[in-house]
Protein chains: 2
Amino acid sequence: MSAIPQDFVRKTAQVSEAITRPFPGSRKIHVTGSRPDIRVPMREITLAPTRMGTGSEDNPAITVYDTSGPYSDPEVKIDLLQGLPSVRGAWIEERGDTEALSGPSSRYGQARAEDPELAHLRFAHIRAPRRARPGRNITQMHYARRGIITPEMEFVAIRENCRLQEMREDPRYAALLRQHPGQPLGANIPDLITPEFVRDEVAAGRAVIPANINHPELEPMIIGRNFRVKINTNIGNSSLTSSIEEEVEKLVWSCRWGGDTLMDLSTGKHIHETREWVLRNSPVPIGTVPIYQALEKVDGKAEALTWELFRDTLIEQAEQGVDYFTIHAGVLLRYVPLTADRLTGIVSRGGSIMAKWCLAHHQENFLYTHFREICEIMQAYDVAFSLGDGLRPGSLADANDAAQFAELETLGELTKVAWEHDVQVMIEGPGHVPLHKVKENVDKELVDCFEAPFYTLGPLVTDIAPAYDHITSGIGAANIGWYGTAMLCYVTPKEHLGLPNKADVRDGIITYRIAAHAADLAKGFPGAQVRDNALSKARFEFRWEDQFNLSLDPERARDFHDETLPKEAHKVA
Amino acid sequence: MSAIPQDFVRKTAQVSEAITRPFPGSRKIHVTGSRPDIRVPMREITLAPTRMGTGSEDNPAITVYDTSGPYSDPEVKIDLLQGLPSVRGAWIEERGDTEALSGPSSRYGQARAEDPELAHLRFAHIRAPRRARPGRNITQMHYARRGIITPEMEFVAIRENCRLQEMREDPRYAALLRQHPGQPLGANIPDLITPEFVRDEVAAGRAVIPANINHPELEPMIIGRNFRVKINTNIGNSSLTSSIEEEVEKLVWSCRWGGDTLMDLSTGKHIHETREWVLRNSPVPIGTVPIYQALEKVDGKAEALTWELFRDTLIEQAEQGVDYFTIHAGVLLRYVPLTADRLTGIVSRGGSIMAKWCLAHHQENFLYTHFREICEIMQAYDVAFSLGDGLRPGSLADANDAAQFAELETLGELTKVAWEHDVQVMIEGPGHVPLHKVKENVDKELVDCFEAPFYTLGPLVTDIAPAYDHITSGIGAANIGWYGTAMLCYVTPKEHLGLPNKADVRDGIITYRIAAHAADLAKGFPGAQVRDNALSKARFEFRWEDQFNLSLDPERARDFHDETLPKEAHKVA
């Protein structure tokens, strides 16, 4: 019997209807791959016919990429207490290179599992964690390099295409498929994404499939310059126990509007338990910054951090199923003085924690000195690195400076080490950068880090618009995505000012979906313009409902229309 | 005695306190030029000192460009019934090359002035219109070409600099003046804007000072690639008489948030009277699309338009004081078939009116065939051209196509004709353009139109986000501004969906101020980074009040902060 109190159950079992109701005019579909258990979710938007004089002409349905997971699937009964169904469990097991453990191997994980005071908060159906069998390497990069196309790779290939080949073979789509040739600036995007292409990109380190073996609920996705540009969102609870259900609600909300991955930046007493709830209910990869939790374990005293404590935290989180870790291993002792003359010093939280530790001990960053051991842990669960930019600029003034670029070079050195272990790597980037200095960041990252996927926060192209930093950064994000960044970390209107509420999260996500899509169009990603064309055609023909339904935010488009032109008649003019 | 009814007076005499109250921490200042009546308005933001251990260090005040006019000046008593004080009246009179007419010379203007039924709507203090004396040319371009630096030119030079030279001479600003060298992409921005530089740019046609001699209330500003990037906003009434005061309120609202110019796109029965109220109370240049009013005069029947009617409308509006006219003279008969295969045809309202006229008569566009006569009218009042892009793309699919670029080449041909008359010219641009095709628009405009200032609508870089088109277009606007566009026409969240309310206007303006500023930074406009640096320093030092006050929207920054961290103590940490 569950120890979770009834009121918690009542609040938690269901997410609100507002965040699970199907999108208007849409239905969930699944495209099946080479085996029946490769079922790739997409959303199909049905359109009204075009009225023409006496008759009418059909408008074929439009398929769009779908991050919303089972939550938008009326066939799936959502029960947060049970967690999502497993997508990848069989694929992981059949590879035969992992084993189920009897329980958590981290000391912290064990202690939390045994603490009776946490029973009321604990997710009830915790699976035994899995780990690579001794001597085996189980990362997607490892398989790719051995020439193996995993179901995960096939899944993402199908997902990236969004039924492009079917459209090409159907003459009704001919006009909609017209697209401007892109300006890929060095990206090599094929005419169609094949599983073999995915394998090759993962093998080369140019793309990452974040997919911890302990997160089988995840619907695989890929992050790489030759794929659709992705966006990450952040959530983070305050320290109140009551907020577990709020965090899960935020997760579902983020997936609904288009977050491709999600970072759980929670702090406070119940990080471990919150994370379990989030992972078990997340269809998207989850990232964390393990040093945040390690710091909580030493009551916020950076100088008290140790490698052993950090190591235990990595294992704890890896066994829960976190898909990628931000690790600030590039903040070297000798780089800290380079920030002395900055206008805004070190603004990355992870960066300042590690700088403080280095200065307090006058020793090299233990994340750097223990990097190979970190790789061995990541390898055993297939956790991807997101090498943190602890010295990123916190203002335009500090953009592209010596500290930032010195760290980037070290991240390149670490990338090579990770790749020796076949561990997948992304590289984090800034931050605050004036528009004309944005490209230099990508160009340098591609060289210094050997084309490992770049994952940037914005960047904000001006510092003077707090309350509008989703926009200041969305401008930078569209550009940096075009230039070659693989994933854009969103920024909400509350950036620099406070904690985002649901409205802020939605504004941030839509802004970043715009930026990512603008980048896809600029790079010439095949089929990217279909939705633009279909919506523009609907607009030109006054098919209002289709215009709403094809838009990134159908609800708001409709509301705005109805504010001044509320008559039903106006919508089907 | 005024014939305006008392309730109208009561509603109209004052604009609401919300749109006139001074910005927090700010005071209105005026920088005096070479003569006492050149008083250039700016806003000075006072900052708190930085607390340092035992003592503190002063932070010098920051001066920002100020479009808000006398409305934010506590020294000025606003009375909308009187209109704003004259800024330029003496300058115009002392040149001795214009004369006051006895009344309006347009037939329409005469009829409206004499119609007793309009008495209750009519602005009471209508000045006699002025016009160039016979044989005289009174445009800013004409003076510039003759080597004359007008007070208007000196005014804009002082305004562009925002006290930069004073900051350079004051060591307290040394750190704040640090700025990344720009990437001007062919712009030639001097280290300091001098009156002589302004004259030279206006003479060359690279910059425009829209300043009709019948709009002496205007505070001169300049539009050109080698100056700060400007933004335009649009207002437009519905056809209800009660909305005159609403339009004036929208005008003041637009100026408050940073609109540099404003287009009055009003339709309906009282366009003429509304325009008078707007002009008499506007500190910023006003633009119109005269063909809209001409069309009203023929009850919306495009084919019924005539050159004589249009000519009368131009004179009517020029004598009221409109500063620039959008004229769709580049929509040639032979270009119309080029739009046949477009996804979204002709979406410009002016463009489709003229295309319809051309097709109905199978004759060349009368705006093109009568272009020299139009120049003569513009010249007599110093109205600037904004040569309309009637064939601009209405969707990504139609961007940069043959129709669009054919028209652009014709606009270049017309630019030369206008310049033969010393009439100032801007060139309008799109619209909807994918990110990687934006630059081609600027590059082509600069060549085809001989560097006449480019004035673009957005462009939107994707079509899939109605309700967020301020953002889709803000991305394009920042880029096109960087590439060389001189003025950005704003887009609100209601674009494509309905009429913007005040909240939408504010969102649109702030988004475009962000875009314009991002472009200034990218081009390396001298001193542009001072405000970013000051705000970032305040942020790093937790001087919350300064952070709010330095931001583009202090009210919203404060509100967002207070939502989650409402304690006063947090603001002065």
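This is a predicted model: local features need pLDDT of at least 70, side-chain atom pairs count only at pLDDT 80 or more; totals for chains, interfaces and linings use all residues.
In soluble globular proteins, nonpolar side chains tend to be buried together.

**Stop 1: around B:Phe310**

Keep B:Phe310 selected and show its surroundings. Which residues is B:Phe310 in contact with, leaving aside its neighbours within four places in sequence? They are B:Pro290, B:Ile291, B:Ala294, B:Ile327, B:Phe366, B:Leu367 and B:Ile374.

**Stop 2: the barrel of chain B**

Now switch to a cartoon view of chain B. Eight strands close into a barrel there, and you can follow them in the order S10-S11-S12-S13-S14-S15-S16-S17. Their pairing is parallel. From one strand to the next, the twist averages 25°.

Zoom in on one pair of neighbours. Strand S11 (residues 261–264) and strand S12 (residues 286–288) of chain B pair in the parallel sense over two bridges. Select B:Leu262 and you will find B:Ile286 of S12(B) standing opposite.

Helix H11 (residues 307–320) of chain B lies across S12 and strand S13 (324–327), and it runs at about 155° to S13(B). Helix H14 (residues 371–381) of chain B also packs on the sheet, where it touches S13 and strand S14 (384–387). The direction of H14 makes about 140° with that of S14(B).

**Stop 3: aromatic rings**

Over all chains, the count comes to 26 aromatic pairs. For one of them, select A:Trp307 and A:Phe310: their rings are 6.5 Å apart centre to centre, with 40° between the planes, and the pair is tilted. Both residues lie in helix H11 (residues 307–320) of chain A, three residues apart, about one turn of the helix.

Go over to chain B for another tilted pair, B:Phe197 and B:Phe227. The ring centres are 5.5 Å apart and the planes stand at 50°, so this pair counts as tilted. The pair links distant parts of the chain: B:Phe197 is in helix H7 (residues 195–204), while B:Phe227 is in the loop between strand S9 (223–224) and strand S10 (230–235), 30 residues apart. Both B:Phe197 and B:Phe227 are buried.

A:Trp307, A:Phe310, A:Trp357 and A:Phe366 form one aromatic cluster.

**Stop 4: charges over rings**

Select B:Arg256 and B:Phe23. The charged end of B:Arg256 sits over the ring of B:Phe23, 4.3 Å from its centre.

**Stop 5: helix H7 of chain A**

Select residues 195–204 of chain A, which make up helix H7. Which residues of this helix are buried? They are A:Phe197, A:Val198, A:Arg199, A:Glu201, A:Val202 and A:Ala203. To see what covers them, show helix H4 (140–145), helix H5 (151–161) and strand S8 (207–208) of chain A, which are included in that cover. Just after H7(A), A:Gly205 takes a positive phi of about 80°.

**Stop 6**

Most residues other than glycine have a negative phi, and most peptide bonds are trans. Your last selections depart from that.

- A:Asp382 is not a glycine, yet has a positive phi of about 55°. Look for A:Asp382 in the loop between helix H14 (371–381) and strand S14 (384–387) of chain A, where this residue is buried, with a relative accessible area of 0%.
- B:Phe450 has a positive phi near 55° and lies in the loop between H16 and strand S16 (454–457) of chain B. At 33% relative accessibility, B:Phe450 counts as partly exposed.
- A:Gly458 and A:Pro459 are joined by a cis peptide bond, with omega about 10°. A:Pro459 is in the loop between strand S16 (454–457) and helix H17 (469–483) of chain A.
- B:Pro430 and B:Gly431 are joined by a cis peptide bond, with omega about 0°. Find B:Gly431 in the loop between strand S15 (425–429) and helix H16 (438–448) of chain B.

Conventions: Residues are numbered from 1 along each chain as its sequence is written. Chains are lettered from A and ligands numbered from 1 in the order in which they are written. Side-chain values use heavy atoms; hydrogens and water are left out. Helices (H or I, at least four residues) and strands (E, at least two) are DSSP runs, numbered from the N terminus. Buried means under 20% relative accessible area, exposed over 50%, partly exposed in between (1.4 Å probe, protein chains only). Rings of Phe, Tyr and Trp (its six-membered ring) pair if their centres lie within 6.5 Å; planes under 30 degrees apart count as stacked, over 60 as edge-to-face and the rest as tilted. A charge sits over a ring if NZ of Lys or CZ of Arg is within 6 Å of the ring centre and within 35 degrees of the ring normal. Two strands pair if DSSP finds at least two bridges between them. Axes are lines fitted to C-alpha atoms, for helices over the stretch in contact, and angles run from 0 to 180 degrees between N-to-C directions. Contact means heavy atoms within 4.5 Å.
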